[in-house]
Amino acid sequence: MAVSFLRYEVSDLCLAKPALRSLSASATVADALEALKTSDDNFISVWDCNHSKPKSLDGVGGGGGGQLCRCVGKVCMVDVICYLSKDDSLTSPSAALQAPVSEILTKTPGHVMHVEPSCSLRAAIDLILEGVQNLVVPIRTRSNSRRKQHPKPISATSATTIHNGQEFCWLTQEDVIRFLLNSIGLFSPLPAMSIDSLGIISTDILAINYHSSASSALQLISRSLSQQTSVAVVDTDGVLIGEISPFTLACCDESVAAAITTLSAGDLMSYIDCGGPPEHLVKTVMQRLKERKLQGVLENYSLSSSSSYAHALMMTSSSSSDEESSVSSNTTLRPTRSGRYTRSSSYSARMVRRAEAIVCHPKSSLVAVMIQAIAHRVNYVWVIEDDCSVVGIVTFSGMLEVFREHLETMG
């Protein structure tokens with residue numbers, strides 16, 4: 001059984017995976033924003049399609065005729081929010097939206113890599129441990145062999161999933177962890193061991209004080225997105241109060257940049273929580289934007305998109321009577337099917353809890369922490385003591401290192 005497990009290939013993990021939606025490398029930030037808002041996925045793949053270059057038989061360039069298309073990166077709403085929160089973007093938001101999408105692509109090379117469907121699971125884990133976050137895999141179906149290998153050139157805003165005559169999907173750390181969990185019995189006694197005894201609790205964490213300005217966390221948010229972790233929000237004693245998570249920000253829209261610019265880290269947690277921004281914080285953001293003469297930020301966002309946050313802020317700004325204020329206070333934001341917020345007239349529907357971090361204890365078992373992370377769709381779990389002080393963080397990457405070592409013994 002163990003030997004057969006080592007024979008698994010990435011194609012075995014791609015079954016029923018949806019084809020990637022794509023964005024051209026020539027697109028703008030506004031194009032990326034629109035694509036993200038119309039997608040059920042948090043990430044959109046970015047492709048460079050040079051139709052003047054020949055491709056090889058494997059579809060990735062180097063002779064044989066045809067066209068060359070490669071996935072060169074990925075973007076999500078957090079990339080957009082962080083970019084629009086910069087001083088230059090706040091000063092000229094319209095120019096920021098028209099900037100090339102390359103401005104928000106990660107500058108760290110190797111986050112996205114093409115692999116063949118025959119790539120072994122063990123090799124895929126090695127690539128992930130080397131820093132690859134998304135493995136781009138061709139989807140092989142019977143229709144692929146009959147499809148013409150000359151797709152039309154895509155426009156900057158096209159949502160096409162066909163490149164080099166075939167569709168692609170990608171694999172993430174979460175996909176691999178889920179696959180390993182389905183065969184967890186093969187790794188006994190590893191799953192029952194504590195994360196403390198396995199030595200996978202990292203003390204290298206990103207944290208900010210509850211009362212610090214949210215804008216001072218901007219670089220930390222960008223780093224947490226790159227590391228696939230989160231930013232802990234702590235008090236002066238190091239007690240974990242909550243988090244500013246890229247996974248939560250990815251379900252927001254671009255006008256959250258205004259909240260990052262004006263609020264504290266603690267208030268930002270409340271602002272981005274899944275019930276939508278509390279009314280008093282919406283008013284605070286508007287007031288502080290006016291003080292800094294940055295009202296134009298929201299005007300650009302509300303005109304360029306269907307931004308629910310921007311609409312909420314603009315409505316608050318335009319309310320000048322008790323009646324209008326009453327209407328505004330009875331309106332909240334609710335998640336859509338894709339996770340982003342839309343208007344709702346039910347105030348009671350708002351969830352007023354703070355952004356709660358997913359936590360475990362040093363003696364928690366590996367399998368328990370795996371299940372916990374997967375259940376909450378995050379790549380990490382915070383580790384705390386009984387007094388809620390932060391010990392560190394456990395990540396999918398750390399878990400994969402342990403499984404990779406065990407695979408050596410299975411071989």
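Is Lys37 buried or exposed? Lys37 is buried, at a relative accessible area of 17%; buried means under 20% relative accessible area, exposed over 50%, and partly exposed in between (1.4 Å probe, protein chains only). Please keep in mind that this is a predicted model, where local features need pLDDT of at least 70, side-chain atom pairs count only at pLDDT 80 or more, and totals for chains, interfaces and linings use all residues. Residues are numbered from 1 along each chain as its sequence is written, and side-chain values use heavy atoms, with hydrogens and water left out.

**Salt bridges overall**
- The whole structure holds seven salt bridges, each defined as a side-chain nitrogen of Lys or Arg within 4 Å of a carboxyl oxygen of Asp or Glu.
- Asp126, Arg404 and Glu408 belong to one network, joined by salt bridges that share partners.

**Lys37 and Glu254**
- These two form a salt bridge, with 2.9 Å between the closest N and O atoms.
- Lys37 sits in helix α3 (residues 29-37) and Glu254 in the loop between α12 (246-249) and α13 (256-262), 217 residues apart; helices (H or I, at least four residues) and strands (E, at least two) are DSSP runs, numbered from the N terminus.
- Glu254 is buried too, with a relative accessible area of 0%.

- Asp175, in helix α9 (residues 173-182), is 158 residues from Lys17, and their side chains meet in a salt bridge (2.9 Å, N to O).
- Lys17 is partly exposed at 23%, whereas Asp175 is buried at 17%.
- Glu174 pairs with Arg377 in a salt bridge, the closest N and O atoms being 2.7 Å apart.
- Glu174 lies in helix α9 and Arg377 in the loop between α19 (366-375) and β14 (380-384), so this pair ties together parts 203 residues apart in sequence.
- Glu174 counts as buried, at 10% relative accessibility.
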